[in-house]
Amino acid sequence: MAEGIGGKVKGGSNPLYSRSLLSIKELDRPKIDLILREAEAMHKIFETGRKLSLLKDKAMATLFYEPSTRTKLTFQRAMIALGGDEIGDPSMDTSSAAKGENLADTARVVSSFSDVIVLRHYDNGAAEIASRFSAVPVINAGNGSGEHPTQALLDLLTIKNEKRRIEGMKVAIVGDLRYGRAVHSLAYTLGMFDNDLVFIAPEELQLPKEICDYLELNGRNVERTGSLDNALDADVVYIPRIQKERFMDPKEYNRFLGMYRIDRNFMKRANPEIIVMSHGPRLDEISPEIDDLNNMVFFKQVKYGVAVRMAVLNMILGKRMLSK
Amino acid sequence: MAEGIGGKVKGGSNPLYSRSLLSIKELDRPKIDLILREAEAMHKIFETGRKLSLLKDKAMATLFYEPSTRTKLTFQRAMIALGGDEIGDPSMDTSSAAKGENLADTARVVSSFSDVIVLRHYDNGAAEIASRFSAVPVINAGNGSGEHPTQALLDLLTIKNEKRRIEGMKVAIVGDLRYGRAVHSLAYTLGMFDNDLVFIAPEELQLPKEICDYLELNGRNVERTGSLDNALDADVVYIPRIQKERFMDPKEYNRFLGMYRIDRNFMKRANPEIIVMSHGPRLDEISPEIDDLNNMVFFKQVKYGVAVRMAVLNMILGKRMLSK
Amino acid sequence: MAEGIGGKVKGGSNPLYSRSLLSIKELDRPKIDLILREAEAMHKIFETGRKLSLLKDKAMATLFYEPSTRTKLTFQRAMIALGGDEIGDPSMDTSSAAKGENLADTARVVSSFSDVIVLRHYDNGAAEIASRFSAVPVINAGNGSGEHPTQALLDLLTIKNEKRRIEGMKVAIVGDLRYGRAVHSLAYTLGMFDNDLVFIAPEELQLPKEICDYLELNGRNVERTGSLDNALDADVVYIPRIQKERFMDPKEYNRFLGMYRIDRNFMKRANPEIIVMSHGPRLDEISPEIDDLNNMVFFKQVKYGVAVRMAVLNMILGKRMLSK
């Protein structure tokens, strides 16, 4: 059974090797620095358009119990770019699952003929269960309203590359901070770096208290507010869509939709160096008016996502890292 | 952003290189001749059963918002035969699309980590929109009741190979000429070659007037009629299925179903050299009685489809063409 | 058109070469011995984690009209491990099929650009029809309540490897013996080897009489009983899930669910050398209490499944076998 990530990084060691990646909380600062360094090396290779053969004998199994386009496609793309192969059942929701198989058995079975499992599941406990029963490492690609660690890493890589630094900034995160799993992973990660954090949401969708406590315990300045104007002087504004599928009550969803919106007017008043980020499909929280601004880095994020996933896959499965 | 096809073919130039293929109307006669020549070279290679490595570093993204078996499988097969890779989300209709993402964003995002997008969409304007926002070339693999240019090219390649010529013939096209996108693309293409054209359909499903006008403007003899007997002396009879999904009213659909049918009796009375073609799944418009006749080339068309798609993919993405 | 398997094995001949595999009944004892030998060679290679390139120019088309996770994934995995490629339309039930195409046409068309078709279909006659119209070999991966020959072969390989013999044993098969296609294939196969067979099921779900007759005709001791206690002294107990989708009446299904169950109590009373096998997703017919016992070989079976599918694919498509 695969273990979570625990060891310390020192010397030439690779902290992800043969390990699952379930939560960003498993990673400390030196490990994240190492992953980002490897991802930057991958990014450079990917830009050349050449395929590597680092994982040429490896097979990644993608088990997606929820729909996904960009996460699934970028994991596929990353595996191909490393020379590896993908196997996947596109209809997990109607196959074994439909025949009543539990996730523990599926993980155990699939892990007997694949080298890594990439799992997206509607249930918060899914990644933990899968990794407990899998004979190979599991990468959590989203578990219910829980975490999505490679998304947090790609957000970080985007900031690092677009701002040329990763500390000493003001980062504003806007929208559904209660249910958004990518936001939770990102907030934990940002807590490791010396940034001021502003969380902008209506009271009902604010960041869970335990994450706030964790951030303050780590010495971060944290502000919780309801007004988007608090993002005007930020270096980074992060505004994911409100995820309809996380709400029990559609009325609650509709009430929040459209409450915050980054548009030309916001950008005129904002710090000229601000960058605008998001993660999922964009609804109307970012106006298409600003799509062609250099500050709008949303469309670049997914490419950093390929690089991060290449780095993570290679660190988990490969014999050597590119960056050393 | 990728441009449509515009330049002239001369010398060693490749008119498809780095360009989108949205409509057959973008191609003039010399360009089509060139593509067919390249497709014939690909066909010969494919028949040997050997894989090429012309596109070994390239990834094709297939975005299919409508069901498809033969178009999707032949694009996959073509990309594999060229040594390239495919990435695809099999459930576009329930993924990002379901989360509310617009096609412009999806095209922009997916194009940031793939080399070409093959798009099938239920909306007539989709291919145009995708190509406007994509950073890589887009191949239109069917847009609503619009066009399906690689289908027209494979029809042409079939005629050229099975009849050993491409001009000076009588070609009859039968069935739903109003909604059928493959028929529209084929009619435009045939207009570039000196053939007599007979369009056989009930008045309500006849070819749109603007396509007729275009053909006559190009000097073609065009006949519109309701009787299948006008196809008896043709060199080619093309009879696609009536596409249920294009009709708003199921009663209208049922009225036309089974109106025309190529069977043994038709074949006995017809020109002995006639070839029978179609494109989609066959319902009852071609009787299985004639499946084993040499004239029935329907089953060969899909293999020419692989060759045409190999040619188009390689011309768009590759460094060199096979045919020169 | 591809033929069924008929020829005798002698000298260096490969009885599967260029042939379809529709039913385990096409295979006699020497052929099965040969396939198992090849599968054991494949198993050893697969355990090393290295990819072969035996099928590097070959493309397998997977046509699955019914959901499947492990069968589809293991066929994919097997093809990749042999260096080959897969093409597949993940939504066969909503694509050409939905447009009304019959299986004969689909098989004919898809076989024109692929090297082998792997078919799962809800209809018992499907594999036979597909192979009649396909230009390439067809592997039956489950046809309705009919057969699933590679499943029977992997069951056999599991027994051979886990028990170190394949004859002189008592094998108990428990559960839905009437509708279970894997059970039918397995029963036929076991009939070729000198084992005593106990079939445990309620009367309504007992093994069809013609299979019993066939087994007795082949000189096997066959017992039909309703009590699981008859499996206590067996060397192998095989207990597949009750397949809901095979029952017309849900009430009938519910009545049988949970009737037989292998749990710790059973294992305490049973032959200490007994091994526990199954095939599909496990519901509650095997208690998770016994998952970590060495006797519980259910989780190993799927890996033998990859080896068997590698052997079968390579014998059908390849130029040379590993085992000679």
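**Entry 1: chain A as a whole**

I began with burial, and I noted that buried residues make up 65% of the 324 residues in chain A; buried means under 20% relative accessible area, exposed means over 50%, and partly exposed lies in between, with a 1.4 Å probe and protein chains only. I wrote down that this is a predicted model, in which local features need pLDDT of at least 70 and side-chain atom pairs count only at pLDDT 80 or more, while totals for chains, interfaces and linings use all residues. I also wrote down that residues are numbered from 1 along each chain as its sequence is written, that chains are lettered from A and ligands numbered from 1 in the order in which they are written, and that side-chain values use heavy atoms, with hydrogens and water left out.

I counted the elements next, and chain A has 10 helices and nine strands; these are DSSP runs numbered from the N terminus, with helices being H or I of at least four residues and strands being E of at least two. The C-alpha trace of chain A spans about 55 × 45 × 40 Å along its principal axes. For 324 residues a compact globule would come near 20 Å, and the 19 Å of chain A agrees with that. Among contacts in chain A between residues at least 6 apart in sequence, 73% join residues at least 24 apart, where a contact means heavy atoms within 4.5 Å.

**Entry 2: how the copies are related**

**Entry 3: pockets**

I looked for open spaces on a 1 Å grid over the protein atoms alone, where a pocket is an open set of points with protein on both sides within 12 Å along at least five of seven lines, a cavity is a set of points where a 1.4 Å probe fits but cannot get out, and lining residues have an atom within 4 Å of a point. Grid points are joined across faces, edges and corners, and a volume is the space filled by probe spheres set on the points.

The largest pocket has a volume of about 1400 Å³. It is lined by 50 residues, and A:Ile80, A:Asp85, A:Glu86, B:Asp85 and C:Asp85 lie nearest its centre. Among the elements that give two or more residues to this lining are α2 (70–81) and β2 (85–88) of chain A. By class I noted 13 nonpolar, 17 polar and 20 charged residues in the lining of the largest pocket, counting Ala, Val, Leu, Ile, Met, Phe, Trp, Tyr, Cys and Pro as nonpolar, Asp, Glu, Lys and Arg as charged, and the others, Gly among them, as polar.

The second largest pocket has a volume of about 830 Å³. Of its 34 lining residues, A:Lys303, B:Ser112, B:Ser114, B:Asp115 and B:Val136 are the closest to its centre.

**Entry 4: cavities**

I counted 12 cavities of 30 Å³ or more, and about 250 Å³ of space lies in the largest cavity. Its lining has 23 residues, with C:Arg70, C:Thr71, C:Gln151, C:His279 and C:Gly280 nearest its centre. α10(C) gives the most to this lining, with four residues. The lining of the largest cavity has five nonpolar, 12 polar and six charged residues.

**Entry 5: a helix and two residues**

Is helix α3 of chain B enclosed or open? I found that eight of the eight residues of this helix (residues 103–110) are buried, so it is largely enclosed by the rest of the structure. What covers the buried residues of α3(B) includes α2 and α10 of chain A, together with β1, β3 (116–121) and α4 (126–133) of chain B.

I ended with backbone angles. A:Ser18 has phi near 60°, a positive value in a residue other than glycine; A:Ser18 lies in the segment before α1 of chain A and counts as partly exposed at 42% relative accessibility. B:Arg164 also has phi near 60°; B:Arg164 lies in the loop between α5 (149–163) and β5 (170–174) of chain B and is exposed, with a relative accessible area of 65%.

How values were computed: Rg over C-alpha atoms; globule rule 2.2 N^0.38 Å.
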